[in-house]
Amino acid sequence: TPAERTNLAGVQHIVLVLSGKGGVGKSTLSTELALALRNAGKRVGILDVDLCGPSIPRMLRVQDSAVHQCDSGWVPVCVGQDKAIALMSIGFLLERPDDAVVWRGPKKNALIKQFVTDVAWGDLDFLIVDTPPGTSDEHISTVEALRPYQLLGAILVTTPQ
Amino acid sequence: AEAAELRERLRAVRHTVLVLSGKGGVGKSTFSALLAHGLAADETKQVALLDIDICGPSIPKMMGLEGEQVHQSGSGWSPVYVEENLGVMSVGFLLSSPDDAVIWRGPKKNGLIKQFLRDVDWGEVDYLIVDTPPGTSDEHLSIVQYLSASRIDGAVIVTTPQEVSLQDVRKEINFCRKVKLPIIGVVENMSGFVCPKCKNESQIFPPTTGGAEKMCQNLNVSLLGKVPLDPQIGKSCDRGQSFLTEAPESPATLSYRNIIQRIQEYCEQHHLQEEKIM
């Protein structure tokens, strides 16, 4: 559909941040990477597909933000010192931040597909995709949905143990 | 009929404890392994440790059982025994190589979890401890659903002191309430670090919003204890040894032992209350 073609068409490079293991610093790294790239003058977006434990909004101090829709889809929340980093996270869709997203795979997959294709990112040099731990629904769906686009590659995060 | 099958298999299980978090990497598996070791120290108790983290099964390595395979007998799958009274089951034992990725969607994961409960011949068990992956998804819904055929004493929720962890843990507490799973209490891991050389204490993960203590107060949940960071913990896990026996003098060991005792007391009390009702 035309919307699918336009929403990610303006994104030059898509980078996935993965681990397998939880709590190693994926979200922390995604955030720092986005801020560093922004500092270097790049146009940056972050897509937080951790549906059960979305950490990015708090890390960028926008946990109380709401999201709106425009003609081409969801409007990302603008964060960072100069409001120049675009962020989309399920964190923004929760009525209460302590609400658990208790969904089985199929429902998570549907939302991820929407997140990937229905966010009006505009023109970005880098889109950083933060993922939850594991190798399951979220990961399979994210890679499948991103496959037609400029997927640069994955950064894997670990700790020494 | 399926529920009846599960009920039958789990009939011989006296107490079931789920170890949950919501946040990854806070020490669920570490705690599950030590809880199992701690309870099994009483040789009269039969302990079972079930690892339902299908994508990232840590229990085999932590229990020193890497490379072990599951055997089938007439009465079902045999757990892998660490001690005579401590049996373990994990998807890790079903992989041909420890680096094999299990890239399964929800329904397939649920199927394996059901098999673990239905087909494993645990025998008579005093304590069944279930280690879970982070999150509030298929695995968690399924285990609560399948174990409703039996009874779950409650959940132990693990966190670290930082707000980024507590954020996810509050969701887990809400999950427990949603599915009517009693909460035995919260364990705060990585709670401070005492340098073995200079004995100074540092907060590696500062509790910027009051840590687990404040969260427990706010949510009216029990704080079972705080466990400090000890580099020996990670080492023991990597080596598949019980930290409790490797470092008996560590402040972390003392904390763990106190917490384990509180969990035992909760389960026993629970049992007495139920017997009274019956």
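Let's start with one pair of residues: in chain B, B:Leu49 stands opposite B:Ile129 in strand 7. Before I go on, this is a predicted model, in which local features need pLDDT of at least 70 and side-chain atom pairs count only at pLDDT 80 or more, while totals for chains, interfaces and linings use all residues. Residues are numbered from 1 along each chain as its sequence is written, chains are lettered from A and ligands numbered from 1 in the order in which they are written, and side-chain values use heavy atoms, with hydrogens and water left out.

Back to that pair. Two strands count as paired if DSSP finds at least two bridges between them. Helices (H or I, at least four residues) and strands (E, at least two) are DSSP runs, numbered from the N terminus. Strand 7 of chain B also pairs with strand 1 of chain B, again parallel, over 6 bridges, and there B:His15 stands opposite B:Tyr127.

How many residues of strand 7 of chain B are buried? It is 7 of the 7, so the strand is largely enclosed by the rest of the structure. Buried here means under 20% relative accessible area, with exposed over 50% and partly exposed in between (1.4 Å probe, protein chains only).

In chain B it is open, with 8 strands in the order 5-6-2-7-1-8-9-12 and mixed pairing. Strand 5 (80-83) and strand 12 (223-226) of chain B are at the edges with a single partner strand each, so one side of each has no neighbour in the sheet. From one strand to the next, the twist averages 20°. For angles, axes are lines fitted to C-alpha atoms, for helices over the stretch in contact, and values run from 0 to 180 degrees between N-to-C directions. At the strand 12 end, strand 9 of chain B (residues 183-188) pairs with strand 12 of chain B in the parallel sense over 3 bridges, with B:Val186 opposite B:Leu223.

Next, the helices. Helix 5 of chain B (residues 138-147) lies across strand 1 (13-20) and strand 7 (125-131) of chain B, at about 165° to strand 1. Contact means heavy atoms within 4.5 Å. Helix 5 of chain B is mostly covered, with 9 of its 10 residues buried, among them B:His140, B:Leu141 and B:Tyr146. Helix 6 of chain B (residues 163-178) lies across strand 1, strand 8 (154-159) and strand 9 of chain B, at about 170° to strand 8.

Stepping back, chain B comes to 10 helices and 12 strands, and 56% of its 278 residues count as buried.

And chain A? Its open sheet has 6 strands, ordered 5-6-2-7-1-8, with mixed pairing. Strand 5 (77-79) and strand 8 (151-156) of chain A are the edge strands with a single partner each, so one side of each is left without a neighbour in the sheet. Neighbouring strands of this sheet are turned by 25° against each other on average, direction ignored. Strand 2 (residues 44-48) and strand 6 (residues 85-89) of chain A run parallel, joined by 5 bridges, and A:Gly45 has A:Ala86 as its bridge partner. Helix 5 of chain A (residues 137-146) lies across strand 1, strand 7 and strand 8 of chain A, at about 165° to strand 1.
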